[in-house]
Amino acid sequence: MGFLDWLVICGYFVVMIAIGVWAKSRIRDAKDFFTAGGRMPWWLSGISHHMSGYSSAVFVGYAAIAYTAGFTLYVWWAIGITFAMLVGSVLFAPRWPRLRQRLGIISPLEYLATRYNVPAQQVLAWSGTALKVFDVGAKWAATALLLQVFAGVPIAWGVLLTGGVTLVYSTIGGLWADALTDLGQFVIQLVAGITLFVAVLAQLGGVSAIWTLWDKLPEGHGQPFNGTYTMGFVLVYLLINTLSYNGGTWNLAQRFIAAPTGRSARRAALFSAGLYLFWPLVLFFPMWAAPVLLPNLAEPDQSYALLTQQLLPGGLIGLVLAGMFAHTMAMTSSDANAISSVVIRDIIPAVWKRAQRMSSTSELLAGRVSTFLFIALSMGIALGADSFGGVLGLLILWFGALVGPIAIPMLLGMLPMFRRSGPAAAIGSWATGLVVFALLKYVFPGQSQTVEVAAPVLSALAVFVLVGLVAPAHDAEADALVDSLDEEQPETAPRQH
């Protein structure tokens, strides 16, 4: 990287911090900090949902998959998320803002105390928070790897640089800062992605390369299923994506909770679905072309970074790197905001009764402190990523296998068809998923990737449904809550926490 590249990167970081400082003026209490006061417009919510749905791990871990397996990456990831959001626009997205309207929630787990009970809420809160620390750690590690390839910056310094900037604007600006930086980052990555896409097309001989490339790639790279990415794996990840992108990943639920109405949240979900359907075709094309332009790479996870260095002039390399940073910083800042809301509204009041009487000012301060600590801890995990199977191991296996057992009681608990699945179903589902994951990971290792990812989520789903059928729960308050989420109603004053 040359002087112009570093100038672009430094300018990008300064702008992100400036947005955080500006957003601070819009925050008066914890509701503003965690849910933007329920005033986020649908288009901003949709862009923020999209940008918060993936990080620069795409340019490392997924670049390696594109290099070794080809088009299947788009099938199991982008098309899977598109389908998940179409389903969610009907079933899940509209229910999140209605929960805020009915109960005054600012945390995705806050309603679980009413829907199930406090122990079920606490189990999901503690385990989900722990899981997210590892997931975000993978994102920092991926970003640092990119900076090392581009500029020779040591991994540790890369983690500290990107994490430090995110820590500043997230801590002071809350969800408004997250969403507004998401918008700026969306524009940056749009320009950066199109720039590299055009450069790759020029290198391959023009627009015709879009359809002629596939004959030049290794066998199977143009197929929807290839290698370990079988139809079974794709179908399992379709279920995982449906759970994750509709709120099982808490930062994505925050985008819907912040919408003014259920209708607005539905439009945001559809907008995000459209972005996932079309944008990855541009974003992934250079990754698919990498085996032709950079044959026989020993480390495929560096393919995207090497293409950028090889094809773009000074200044534009910095722009592409800023676009990569944009994804990680968008995702991790929103993760920190969501996790902090869970800590402040769900975990701390359960273990420290005096916290239930915190003033609005104290709650806001606690939220900022929690955000700071979460980002700092995830940066520490990033520095030891190799101990957990590397970036791809953290990203696909750990997160993919464990998000399901946590998300199933959260999301299905909002639907009338699962009203008889009560606290026992929720805790049993969660426990079964975690036990199955531990057995496959440590007692019966060596299973296929499909089995390792599928078994925990499918076993958790089966237990949640079966317990509801065999030992149905009956709770009038929970039933009334579920029924109230079915359609828009005039907003009433939220119940006090």
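Is Y74 buried or exposed in this predicted model? Y74 counts as buried, at 6% relative accessibility.

**Close-up 1. Y74 and its ring partner F71.** Welcome to one of the 21 aromatic pairs that the structure holds. The ring centres of F71 and Y74 lie 5.4 Å apart, and with 40 degrees between the ring planes the pair is tilted. While Y74 is buried, F71 is partly exposed, its relative accessible area being 22%.

**Close-up 2. F71 and W288, a pair that links distant parts of the chain.** F71 also pairs with W288: their ring centres are 5.3 Å apart, and because the planes stand at 45 degrees, this pair is tilted too. F71 sits in the loop between α4 (61-69) and α5 (72-91), W288 belongs to helix α13 (residues 262-293), and the two are 217 residues apart. With 2% relative accessibility, W288 counts as buried.

**Close-up 3. Helices α18 and α19 in contact.** Here we turn to a pair of helices. Two packed helices are described by the angle between their axes and by the distance between those axes. For α18 (residues 423-443) and α19 (residues 449-470), the axes come within 8 Å and cross at roughly 155 degrees. Angles over 145 degrees count as roughly antiparallel, so that is how α18 and α19 run relative to each other. The crossing of α18 past α19 is right-handed.

**Close-up 4. Residues between α18 and α19.** On the α18 side, the contact includes A424, G428, T432, V436 and L440. Among the α19 residues that take part are V451, A455, S459, V463 and V467. Sorted by class, the contact has 14 nonpolar, six polar and one charged residues.

Conventions: Residues numbered from 1 in each chain as written. Predicted model: local features only at pLDDT ≥ 70, side-chain atom pairs only at ≥ 80, totals over all residues. Heavy atoms only, no water. Phe/Tyr/Trp six-rings, centres within 6.5 Å; stacked < 30°, edge-to-face > 60°. Buried < 20%, exposed > 50% of the residue type's maximum accessible area, 1.4 Å probe, protein only. Helix = DSSP H or I, 4+ residues; strand = E, 2+ residues; numbered from the N terminus. Axes fitted to C-alpha atoms, helices over the stretch in contact; angles between N-to-C directions. Parallel < 35°, antiparallel > 145°, perpendicular 65-115°, else oblique. Left-handed = near helix turned anticlockwise from the far one by under 90°. Contact = heavy atoms within 4.5 Å. Nonpolar A, V, L, I, M, F, W, Y, C, P; charged D, E, K, R; others polar.
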